[in-house]
Structure formats: C-alpha cells, structure tokens
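Biologist: I have a model open and would like to learn how to read its features. Could we go through a few of them together?

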Amino acid sequence: MSTYEPLAETLRPNVLSDFVGQQHLLDHDRPIGKTLKSGQLHSMILWGPSGTGKTTLARIMCSQVGAHFEQMSAVLGGVKELRVVLDHAKRYQQHNKNTVLFVDEIHRFNKSQQDAFLPHIESGLVTLIGATTENPSFEINRSLLSRLSVYILKPLSDEELGMIASNALEYQSAKLEDKESLAQIIAVSSGDARRLINIIEQLTQNSKKTLNKQDVTKTLQEKIAAFDKGGDIYYQQLSAFHKSVRGSSPDGALYWMARMLVSGCDPKVIARRLLAIASEDIGNADPRALQITLNAWDVYERLGDKEGNRAIAQAAVFCACAPKSNAVYKAYNRAIKAAQDSSDLEVPRHLCNASTKLMEDLNYGKGYRYAHDEPGAFSPGQAYFPDEMGEQVYYEPTDRGLEIKIAEKLKQLRSAL
C-alpha cells in the first residue's frame, strides 16, 4: 500500500541547480556559494520566513559536500533525541564521514538545550545548521550564536514563485486559463513556496486540469495574511509603529497600525504598545497620553473592532502629536542602577516608621518633618537618600510640554536643599 506524499515534498529539489531563490547567498561569489565551492561546510543559522527553502538548502548543502544528514525538530525533539544523533555521528566519524545536523525551529530549544550543541560543534563531531523564522539575536543564546554564521533567506519574488508554480502545474498536468489567476495565487502565497505548491495541489485535486479564475477564487476565498504574531515580521511592524509615534509621525503611525490590523493583528496588542509609548516616550511632557490610551482600550473592549479600532487610532494620533519626553524613563533606569549598586544601605532613621515602642526608643522617625505642616507643603533641607549616598538627581525634565513647568518647579525646590 503506497503512502501519500505531499506535492511540496515530491517537488523538493535535490541539487543546487534546481533550487529557486536566495541567489544573494548561493551565487559563486556569495557566502554559501563560496563555502560549497570549497567543499568545507561550517555551522550556520538559516534565518528566514516559512517556505523560503531552509530545509531544502540544508539537505542540498549536505549532499554536495558528501556528509551524512541528520534532522531533528526542536518542537518534537530534545536532549534525548540529540544523544541518538550524536551516536550516529560517532559511527560515521569512524568511517571518515562528517555529519550535518539540521535542527528545524532551533529557537524553540531553551538555553540549556542550546548549550548541549556547543561541545559537539567545537569538537567537529557535527556541523550544525539551524533553521529559524525568529531573529537569532533574541532567540539563540550568545555562546551558541558566536560559533555560528547567520544567513538571511528572503521571501521569494513573484518571478521566482512563478517558476515554481509552472513546475508544479506541469507536474500535475494542469494549466491556468489566464495570467490573472496565477498572479492571484502568487499574491496569496506571500513569498512562501510551500504555501504556493499547497494551493496548486488543492486546486488540482479533482479531475479538472484547466483551471479558470472562478476555480482559483473559490479555492482561495480570501488572502492568507502575511502576519505571524509569533514571528519577526510581527515585531518589525510593531517596531515601525512605535518609532513612527515616537518620531511624531501620525501618518506613519496610522499606516503601520493599518498594516497590522489588515493582516490580522489583535488590536489590543497595539493598545498595549501605545500604553508603553505614553509612559516611555511621552511621559510627563503630556500625562494625558496615558489616560487617553487607556480610554481607547476601554472603548475597544466595549464596542469591538470597528468603532474600537477608530478609538485606538485616535489615541495613536494623539500620542504621535504629543510633546515627547523620555525623562521619566531615563530617571527610572538610573534609579534601578543606583538601587542595584547600593542595596545594602540602610534606610535613614528619620524616614523609618516607628510602629512600636521599641522602634520609637531607637529613634525611628525622629527628626522627620511632615511636609504638609510646612509652607508650600515642602520641607527644605530634608534628606531622602541613605546617608552614604547624599541627595541624588535622576529626573531631569525636558523643555517640552508640561515638563517645562515641572522643570521650573523642581529648580526652585532643589535650590532650597
């Protein structure tokens, strides 16, 4: 009894000449091209979106240098499976054959699991090729990343997807009646070869071999979003949104917000980011930003997507147009650093609370001046830091928005200390 093999697997190329795309890495004068020409494969990370050929390229590279190929998935495997692979590698090493270990979704391994690869890479027992859709800078620990070259795979171009579509249709003995149908399939594929082949396989499952626009539209129904909320595209678009608001570009903020919403992003993700922006990038230059963003989130919860999204857009525009200050953000970081460096210093006695008779006898709270009992609700000269530190200044207001007045007030108060 024969087993079913997906069309994408059937059409997977076995030699480099059949591989489509990534010429910025594979041309003879490019990094991987040079490596294959030398016949000396090194450990690397292949970073790119789904369907760009990471697994296929790893297999082809291994075959071209004549190495033994082992594959494991970080989703299904762990250290136990790695031990089995290493046992195999040792056997092949005894016969003077190198082993290439391909680890799919390597970012899903935790730090200790990633560390397990280190001694075997350094000893030369395996050449590691890791595949990831996530930014290695964030997902791969430094000790492992320092031993790997990182190569970025790009989404396939429309022309490259057209070549793959032509091969797939020919293999299925099918054809499209019009160019618009092919363009529609390519658009929905969003640079992903596997997605494109799966669409064609679905289209050609019945006996009809000449497909028209209606057939394609019915199968596709709606565009598959190119927005992966766990992937790097997600973080880059969210970063672009944040930087547009920080840079006082309401138009850029609206564009990136719209891009994310159209692609299926949860609007509450944008509302959460706006809250962070209101504190980090606007701060006391306009404290209303926090409340307006919270109100927009509340409107979304009450009204749902259509009206709620407009409220979030209103908040985004307000935040983009508001005066900017990261003075509180910087002051907080300075205070955290100071606290880490002085965590063993005692609280001055006058700032302590004398909640028992013994504590009162030990002079807890003695000398503390209650600010509300003094003119202007301010106690000139009273110290608020450990004695060893002396008074410190962390918060330095900007000359923008409300912080102009805050700065004037603090200058007056601090001069009285």
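Predicted model: local features only at pLDDT ≥ 70, side-chain atom pairs only at ≥ 80, totals over all residues.

Biologist: Thanks! Where does Q22 lie?

Modeller: Q22 sits in the loop between α1 (7–10) and α2 (23–26). Helices are DSSP runs of H or I with at least four residues, strands are runs of E with at least two, and both are numbered from the N terminus.

Biologist: How should I read the backbone angle phi?

Modeller: Most residues other than glycine have a negative phi. Q22 has a positive phi of about 60° although it is not a glycine. E105 also has a positive phi, of about 55°, and is not a glycine either. E105 belongs to the loop between β3 (99–104) and α6 (111–115), and with a relative accessible area of 23% it is partly exposed.

Biologist: Now the strands. Which way do the side chains of β1 point?

Modeller: The general idea is that in a regular strand the side chains alternate between the two faces of the sheet. In β1 (residues 44–47), M44 and L46 point one way, I45 and W47 point the other way, and all are buried.

Biologist: Which strand do four bridges join to β1?

Modeller: That is β4 (residues 126–132), and the two run parallel. Two strands count as paired if DSSP finds at least two bridges between them. M44 has I129 as its bridge partner in β4. β1 also pairs with β5 (residues 149–152), again in the parallel sense and over four bridges. There, W47 stands opposite I152.

Biologist: What about contacts between residues that are apart along the chain?

Modeller: Take D158 and A187. They are 29 residues apart along the chain, and their C-alpha atoms are separated by 7.9 Å. D158 is part of helix α10 (residues 158–171) and counts as exposed, at 55% relative accessibility.

Biologist: How many salt bridges are there?

Modeller: Side chains of opposite charge can pair when their charged atoms come close. The rule used here asks for a side-chain nitrogen of Lys or Arg within 4 Å of a carboxyl oxygen of Asp or Glu. By that rule, the count is 11 salt bridges. One of them joins E280 to R246, with the closest N and O atoms 3.4 Å apart. E280 lies in helix α16 (residues 267–282) and R246 in helix α14 (residues 232–246), so this pair ties together parts that are 34 residues apart in sequence.

Biologist: Which other residue forms a salt bridge with R246?

Modeller: D281 does, and the closest N and O atoms are 2.8 Å apart. D281 is in helix α16 and R246 in helix α14, so the pair ties together parts 35 residues apart in sequence. D281 counts as buried, at 7% relative accessibility, whereas E280 is partly exposed at 21% and R246 is partly exposed at 35%.

Biologist: And what about D399?

Modeller: D399 forms a salt bridge with R400, where the closest N and O atoms are 3.8 Å apart. D399 is exposed, at 62% relative accessibility, and R400 is partly exposed, with a relative accessible area of 37%. Salt bridges that share partners join R246, E280 and D281 into one network.

Biologist: Finally, which residues make the nonpolar surface patch?

Modeller: Y368, Y370 and Y384 do, and the patch covers about 340 Å². Patches use residues with over 30% relative accessible area and no salt bridge, joining like charges within 9 Å and nonpolar side chains (Val, Leu, Ile, Met, Phe, Trp, Tyr) within 5 Å. Areas come from the Shrake-Rupley method with a 1.4 Å probe, and for residues only the protein chains shown count as cover. Y384 lies in the loop between α20 and α21 (403–415) and is partly exposed, with a relative accessible area of 43%.

Technical notes: Residues numbered from 1 in each chain as written. Heavy atoms only, no water. Buried < 20%, exposed > 50% of the residue type's maximum accessible area, 1.4 Å probe, protein only.
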